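Me: Please take me through this structure and tie each label to its criterion.

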Amino acid sequence: MKQDCNLNVMKRFRTSLVSLVMACALLRAVPLHGQSNEVDEDKALKVKAAYLLNFTKFVTWPADVFEDAHSPIVIGIVGIDPFGSILDRTIKDKTVAGRPLTVRRIQWRAGESTSALKQCHLLYVSPSLGDGVAALIDAVAHMPILTIGEGEEFAKIGGILGFVAEGGRIVFWANRKAAEAAKLQLNSQLLKLARPIEDVAVAKD
Amino acid sequence: MPSNRAMTFRRKLLLFATLTSGSGLLLAATAALIGEWRELHESTVSQLSVQTDIVAANLSAALSFDDARSAESTLAAFHTDPCVLAATVCKPDNSLFAIYPVAASVQPSFQCGLTPGHTFSKGQLTLVRAVRLNDETIGTVIVHYGLNVVYDRMFWQVVVTVLVLGGALAVAHLIASPIRKSLLRPVTELARAAHAISNTGDYGTRVARHADDELGQLADAFNLMVSQVQNRDASLRNTRDELEQRVWERTAELAAKKRQLGDILRDVDAIVWEADAKTWEFSFVSERAMDILGYPSAKWLGDPNFWASIIHPEDRDQAISTCVQATERGEDHSFAYRAIAADGRVVWLHDTVRIGCNDHGSQVLRGIMIDITERKRDDAFKAGHRRVLELLNEGRDLPQVLTALVKTAEAQAPDMRCSVLLLDNEQRLRIAAAPSFVDEYNNAIDGVQIGPSVGSCGTAAYLGKRVIVEDIATDPLWENFRELAQKFDIGACWSEPILTADGRVLGTLAMYYSRPQRPEPAELLLIEAAADLAALAIEHTRSAAERNRLAMAVDATADGVIVTDAHGVIQHTNPAFSKITGYTTGELLGKRPNILKSGKQTQELYDRMWETIRAGQTWSGLVINRRKDATFYDAALTISPVNDEQGHITGYVGVQRDVTADTERERKLEDALSQAEAANRSKSEFLANMSHEIRTPMTAILGFTEQLAADSLSPDEERDAISTIHRNGQHLLAIINDILDLSKLEAGKLEIHRTPCDVMAIVADVVSLLRVRAIEKGFPLEVEYEGLIPETIQTDPLRLRQILFNLIGNAIKFTETGSVKVRANCTGVDQETGRMLFAVIDTGIGIGPDAISRLFQPFTQANATLTRRFGGTGLGLTIAKRLAMMLGGDVTVESTPGKGSTFRASIECGQLSSVRMLTEPVEVAQMAPQAPALNENDGPTTINTLRGRLLLAEDGPDNQRLIAHILRKAGAEVEIVENGELAVHAAMQALATLKPFDLILMDMQMPVMDGYAATRRLREVGYERPIIALTAHALAGDREKCIAAGCNDYATKPINRNTLFAVIKEHIRNGESATMEKITNPQPLISELASDPEFAELLEAFLSEMPKRVSGLQDAISASDLNTLARLAHQLKGSAGGYGYPIITEAANHVEQSAKSNAAMDQLQKQVETLVDLCRRAVAAHGSA
């Protein structure tokens, strides 16, 4: 019995290792936004990773989403993870208001259970999801989750924040109504910096 | 500027005022300016800090998201304050992030990397603030602030201060001038006034006062000083006048004192004197000397020998020498002596003398002479009085005492004679004491009849009043005795009647004088006192005589008499008392009667006794007293208080008689009566118990007989029923035999036949018969012989066998575990009669010390409940002891409750000298206990007339089986308990586990707790289900007793099946169906590990083995193969827990333990059933899952 048990654990471990290697390979194989320059791309990712971290400081979640005062803030990456280890390095040893941060990578397809998503406080929605992006936004629209994606379009279809590269800088669009629907409070300073998207309906119930 | 000393007072004042106010103002102005300077700086910094903090807070997002434009627009907030020259925002890496004003060219001084805080330099304030987000510094803000405005404000402040200072000085100067004037004027005036007084000496001059200040006070002080000088002159004059007045007053006072002293000396009732110490010539004698001694003072003062000349010749030498010697020694002294007064009277003087000096320095004697004549006479009378009382006390006879009394009276006056006459029963006077009269006179007087005019005494006695005849020659009372009086030279006679306290006349006391004489008051007192004393003496003497006579009577009585005073101290006892108690009168006097206390009486009795007699009443009663030799006796005691005339208790008289013999007789009678009653009562109890004992086996016999007659029993059941009937018949016979034996013993009709018999064979025989019983109970019965045992002994073998059978059988009966040993030995082999001793040692329940004393008594059972629990008649020990006694020995017992008992039987065994002595190896008999075969066999249910769960509480095993059998056969489920306590327990437990009994059958007479108590207990705790009483007592009123205890109904033993069924059915009707449902539908048993899929396969394997194990267990229990059963149970115990069935492990453990310890088979059977049930449930649960 005991041997069987160990075997199972080993198997499980091996499976996850393989999937990790595959994910890494995939990450390197697929360029983002068609940018060719690897150095610029790397820099942009660093900035975005830093932004993801900084967003957590300017967003207030409803108190009941955390178990206690030291529960971690969970950043979920949905779809193919463009950051590699950058995001992990960025948040390493960082705390926001006494909470550590963790990164969770989630494979999700439209129509699947949102239980894995529900455990995250911030979701970076990779463009690799394609049509799934809109489905995901719909699925989590009324959950207290800060959704962040790529492009102005992401914010327009109901995402909360959308990154845009502009003149060598990364700026972001913000959808206040989407944030309100998610019961998230965005800091006024953050809103001042963001490009506001107005008159865009939030995904309906 | 002139020097300080030369300056006028005016200038000094002016300078002082200017300097003081000027320096004060200057200091105040400087302090204000410095304060203002500091405050301006601080307010500027704090104001700017607030502004900068707001900006810094608004910069956090811009810095976080690297938005320089947003930062610059935030900095633009500073444009509201023109003093802000510039502001910059730096990143943590000290690179410039944003700048204000945007237009301003970056100055070299705007550098990053400054630490937060503020600095003043070059007319600027530089303020640095960190921008923090989430406790992390994400940048710095640096603000440069121009201070020009601040410095302008400071300048104007200084200018204003200087102006105010100048103005203040000018005002101070103006105010100083009038004050100066008011100060100077009074000083000048004072100086002028002082000058005037010293010139003129006129102390009347005063200075005017202008104000209340210090100068005003100085003027007041000056005026006060001048007036004090004036006052002192006046008071000196007054003092002189007062002194003169006081001298005059004192002189007058002294004169008055002198007059007073003279008066005192004259009035004091003593002679106060002064005389020269050498010549004894008096220099002063107080006027009283004339009154006391009759000599005028002129006589005293002129003659140095005067004092010696007036002293009584008998006392003179003594008095003079006392005085001379004391004077020589220089000692004060006092002494008494007689002096002869001028009229020849003898006067007792007490002279107190002090030695002193007069004004001229020569030694003088001063003294006081006091007349103590009266006191001397009094003392003499008192001494006489005392003498009379002493004589009385000594018990002298009356004439002697009265003579002493008369002489004492006569000593009071030299020329007086005294006599006492007593009144006899015929109202005649009799001479009692008249020592100064001649017999002729006395004979003439003696026997005179008293009357209203019979001399002094005859009249006094007649009237009971004092009669004073001052002159006999003329008094008519003495008419008949005048000649006689003349003859014996009697001129006057005063007679006082002698009266008792209640006024009865006892006689007279008379005083006679040669010449006519009138009594003085002192003399009347004397005669009265003498008469009182005489009354006392007469009464005392007479009552003493009376007492003597009484005492003699008391001494002569046969009862013990004791007389105490009011405090209970013994005053008198009579010889009979000493005879009863053993104490002599001498030993008892002065003690208290409590030395007789035996301690056998309660204190309450004595308390009540004292309460009664103190209240003046007589107490009688029976008490146990103790003699001197510590033996006890019963005393019939009567105590009476003795009262005086006033009703006060003066003592107590106790009379007691020794009634020990009487009470002893009564007590014996009572004892005999109560013993007879007890014997009668015991016999009744015994008969009641015997009837129960006989009826119990009878019930079994009748019941099984009925079974045999009514049912179609299997051959086994039939055999069993017949053997039960046989056994009970045997038991019945044994009981009847015991009763017969005991009756014979009691009646003395049992015969003893001594023959030579083999003692070891008898022992072996008895042991072999009884060993079966020991083995059935699972312990060994051993026999040991110690030393040599005779081959044959002379005794009655039948009775010896009976003794041993009883003792060993008894030991086995009361032992549950351990062993029973029989130890035999022989003593007195070389003597005329040898003795065989048998000790039966058990490890049974033992006997309490109180029960031991009653153990061998017939008709008295050690414990009725115990006897019932262990069976038997309870007569065995009594019979054994009686038999042993008839065989010349005895049976004794030692026991420790809970440990065991040892019974020792001894018998005489005759002459052993010619008998061969054998040695017998110690026999140890120990057979492996056999498991008894199963008796019960529940056959297939044939009659289905009864349903339900029943509890049978019944102590007799045969009845248990019989009733259970009948009920089970009828289809009921029956559980059996053997006493009331267990019944209560079982019923309540069944109720708690929701498997309540539908009905309880309760035997009413059971050990530990009987059926009545058990039923009452159940009803008390709220048990409401039916309880049917079962009882062998076929007496009237039993049914009511059962119902009263809480039973629903009643069935009699022996059991009549139809009646019993009818009763049960009537009460069981209600609650049957639900109960049955529960039992037949067991819950599936699920493994605790069932949810673990990894275990599924193993569990499957374990459970598939289960049916095999179950059948193994069942085979083992059917074959009574305990070893296999224990082994199988052990395996199941070990594995079931591991597969998540702890409950099976527990049940298997019970089976294993019971199998190993040879527990009762039916208990084991139940345990196996439980285990098998659990196993089946486990399998069933798995199959259904």
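**Cores, interface and a helix**

Me: What makes residues count as contacts of Leu122(A), leaving aside its neighbours within four places in sequence?

Reply: Two residues are in contact if their C-beta atoms, placed from the backbone, lie within 7 Å. By that rule, leaving aside neighbours within four places in sequence, Leu122(A) contacts Leu52(A), Phe55(A), Thr56(A), Ile73(A), Ile75(A), Gly76(A), Ile145(A), Leu146(A) and Ile148(A). The model is predicted: local features need pLDDT of at least 70 and side-chain atom pairs 80 or more, while totals for chains, interfaces and linings use all residues. Residues are numbered from 1 along each chain as its sequence is written, with chains lettered from A and ligands numbered from 1 in the order written.

Me: Which residues touch the most other members of the largest nonpolar core?

Reply: Leu122(A), Leu123(A) and Ile148(A), in a core of 74 residues. Such a core is a set of buried Ala, Val, Leu, Ile, Met, Phe, Trp, Tyr and Cys residues joined through C-beta atoms within 7 Å; buried requires 20 or more other C-beta atoms within 10 Å of a residue's own. Another core, apart from it, has 55 residues, including Met416(B) and Leu533(B).

Me: How many residues does each chain give to the contact?

Reply: Chain A gives 12 and chain B 11.

Me: Why does the length of helix H9 (residues 313-329) of chain B agree with expectation?

Reply: The expected span is 1.5 Å times one less than the number of residues. The 17 residues should therefore span 24 Å, and the end C-alpha atoms are 25 Å apart, which agrees. Helices are DSSP runs (H or I, at least four residues). Gly330(B), with a positive phi near 75°, follows H9(B).

Technical notes
Buried ≥ 20, exposed ≤ 12 C-beta atoms within 10 Å, placed from the backbone. Helix = DSSP H or I, 4+ residues; strand = E, 2+ residues; numbered from the N terminus.
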